[in-house]
Amino acid sequence: MITQWFFTHVDRRGGIAIALLVAIAFLVPLSNLLLPETSPLHIPTYLVSLIGKYLTYALLAVALDLVWGFCGILSLGHGAFFALGGYAMGMYLMRQIGPRGVYADPVLPDFMVFLNWKELPWFWHGFDNFWFAALMVVLVPGALAFGFGWLAFRSRVTGVYLSIITQALTYALLLAFFRNDMGFGGNNGLTDFKDILGFNIQAGTTRSMLFAATALFLALAVFVSSFIIRSKLGKVLVGVRDAESRMRFLGYRVDRYKLFVWTISAMMAGIAGALYVPQVGIINPSEFEPANSIEAVIWVAVGGRGTIIGPIIGAVLVNFGKTYFTAAFPEIWLFALGALFIIVTLFLPKGILGLYGSWKTKLADHAARKKDSAPPPVAAENVHLPEPQAAE
Amino acid sequence: MKAQDTLLYLDGVSVSFDGFRAINNLSLVLQAGEMRAIIGPNGAGKTTMMDIITGKTKPDAGDVYFNGEVDLTRHDEAEIALLGIGRKFQKPTVFESHTVEDNLVLALSGPRSAFSALFHKQSANEAERIEDILYTIRLNGKRDWLAANLSHGQKQWLEIGMLLAQDPKLLLVDEPVAGMTDAETAETAKLLREIAKTRSVLVVEHDMHFVRELDAKVTCLHEGSVLAEGSLDFVSNDQRVIEVYLGR
Ligand SMILES: Nc1ncnc2c1ncn2[C@@H]1O[C@H](COP(=O)(O)OP(=O)(O)O)[C@@H](O)[C@H]1O
Ligand SMILES: [Mg+2]
């Protein structure tokens, strides 16, 4: 029953990805916690957190793919939703420090004491409660996305113009969060976290649990994305991506569909940020940096937009590359990233997964042409981006 | 004439683009159940007229009424589509990365809200309607094909199928046989005549053979207004119509 329900909403590839993610959610913590350090299969804690961080990026990439790959909305500001989710979690973690801060104020975080504030600003109330904070992790990015999308989609801002204003959005937030009087720790952001849900945030067990939570949330995001894309709503979104005005003439309120997927995507990005912050131990305004949002676009492009799974591969690979390059050859990382983007755009328009997809399509095509001279029927989930078709 | 008893009523409609009058004091009336052919040289404003009816372009002046009472200038594309006006575009626009069947699923009349779409399950009735349409447009063997892989003529037919799926009261069909073979053209005329038995149809076309086969009243547009109206023979013998066509 449940498996049947599952497979009506997820294709084979999505099912495999979900199974793998659930598997590593259990295996990686087990290896870290149970195997002796001498074992070749032991994964050290630093690596658990590093991969965990990559998976939060992967979650951001899946969120971005939902709007860009399937609905044609190229957001250059998704990092803003990620950072807002991160700040919401950071505020909870700050409140957990309690009197253990440098200034030992029972309520006020250190930076507020330093600024001579006497009481907690109103928007910091409630964040001592984990579930309140968890709600804010999705509500704040969701509400911002909803308001922004409401204005932009209703007035039919599309294409480059929309991309530019998303970039402006994250830049505006960057400047705002830099200011001390915003009440989010200014330049330094939020850090020196002690514990989460009562567990020491530095402990190996906590780290492993955070990793497991990230992998499971990523699996959930793959499921939600697949559910959306395989529904009729998903077909409408792809229709909007390929021929927006045609969709209107069929009677669809395109702006509402966009608003729906845009808001869901922002919430996913918020969750990604919330999982990121406890694993890296800090959130500061640089997370709003426009370059971050652009990097996320590159992960999606490299992995393959419009594929759900591709962005995960792209995010993990590019960030492994980044970790390696910034340690080994720090000065060339940006050039490598730029070159990668150019190569992918020119030679791999559908990314790594698209390469695999088109190879499979070619084989199917070859087989079909052998049978009769007709072009092959191709299931829509394999090839999403319209390509110029050779005349028959 | 009054708007009340008509299906489509355009009166004194004008629209300018950067000072150029694409539609100039245009008046046109369509009765319920009527099929009408619109002819006219390139740039006469035929497509622009459809843009006005379907809410893509707002007229600068004039009245546009549907069903005798609905002021179309106050509605947007999606609302007008839901009122029952379907449109086939001059350049065939199907959803290329969807299968033939999914193109029809998207067009099929029914609830249009995002929520209903998210949890939509195809009913037996819907499946049957899609089956019928696939058969009508002769694409039943190609239901799983990506629309991108169809020939030009097949795309035109798929778009007509999408129109049928929408189940509109009025069909606006812009140059349906452009790029079709003679056999396909004849088939299309047959199909449109069939459709016109139960709905009103407005067809824009250049191809005179095709227009003759439609066997409908003809309106000739020129420079954004009606030049002549009547039977095809009457219109094609009109001195000004001959001049407009020969003068091209
Ligand atoms: N959006 C637009 N902006 C500027 N000019 C337009 C626009 N749409 C149509 N026109 C002009 O209006 C005239 C009528 O065009 P159109 O309705 O497409 O003619 P037809 O379909 O009869 O060939 C043409 O001269 C065209 O260039
Ligand atoms: Mg035209």
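This briefing covers two interfaces of chain B in a predicted model: one between its two domains, and one with chain A. Local features need pLDDT of at least 70, side-chain atom pairs count only at pLDDT 80 or more, and totals for chains, interfaces and linings use all residues. Residues are numbered from 1 along each chain as its sequence is written, chains are lettered from A in the order in which they are written, and side-chain values use heavy atoms, without hydrogens and water.

**Domains of chain B**

- Domain 1 of chain B spans 1–84 + 169–247, and domain 2 spans 92–167. These bounds come from an automatic or database domain assignment.
- The centres of the two domains, taken over C-alpha atoms, are 25 Å apart.

**Interface between the domains**

- 17 residues of domain 1 contact twelve residues of domain 2 (contact means heavy atoms within 4.5 Å).
- The two domains bury about 1200 Å² between them, 65% of it on carbon and sulfur atoms. Buried area is the accessible area (1.4 Å probe) that two parts lose on being put together, summed over both.
- Two salt bridges link the domains (a side-chain nitrogen of Lys or Arg within 4 Å of a carboxyl oxygen of Asp or Glu).
- B:Arg199 and B:Asp167 form a salt bridge through their side chains, at 2.7 Å, N to O.
- On the domain 1 side, α2 (77–83), β7 (170–174) and α7 (182–196) of chain B each give two or more residues. Helices (H or I, at least four residues) and strands (E, at least two) are DSSP runs, numbered from the N terminus.
- α7(B) gives the largest share of that side, five residues.

**Interface with chain A**

- Chain B puts 36 residues into this contact, and chain A puts in 34.
- The two chains bury about 3300 Å² between them, 63% of it on carbon and sulfur atoms.
- In chain B, B:Phe95, B:Ser97 and B:Leu118 lose the most area to chain A. Together they account for 19% of what that side buries.
- Five salt bridges are counted between the chains. B:Asp102 and A:Lys235 meet in a salt bridge at 3.2 Å, N to O.
- On the chain B side, α2, α3 (100–107), α4 (114–118) and α6 (152–166) each supply at least two residues.
- α2(B) gives the largest share of that side, five residues.
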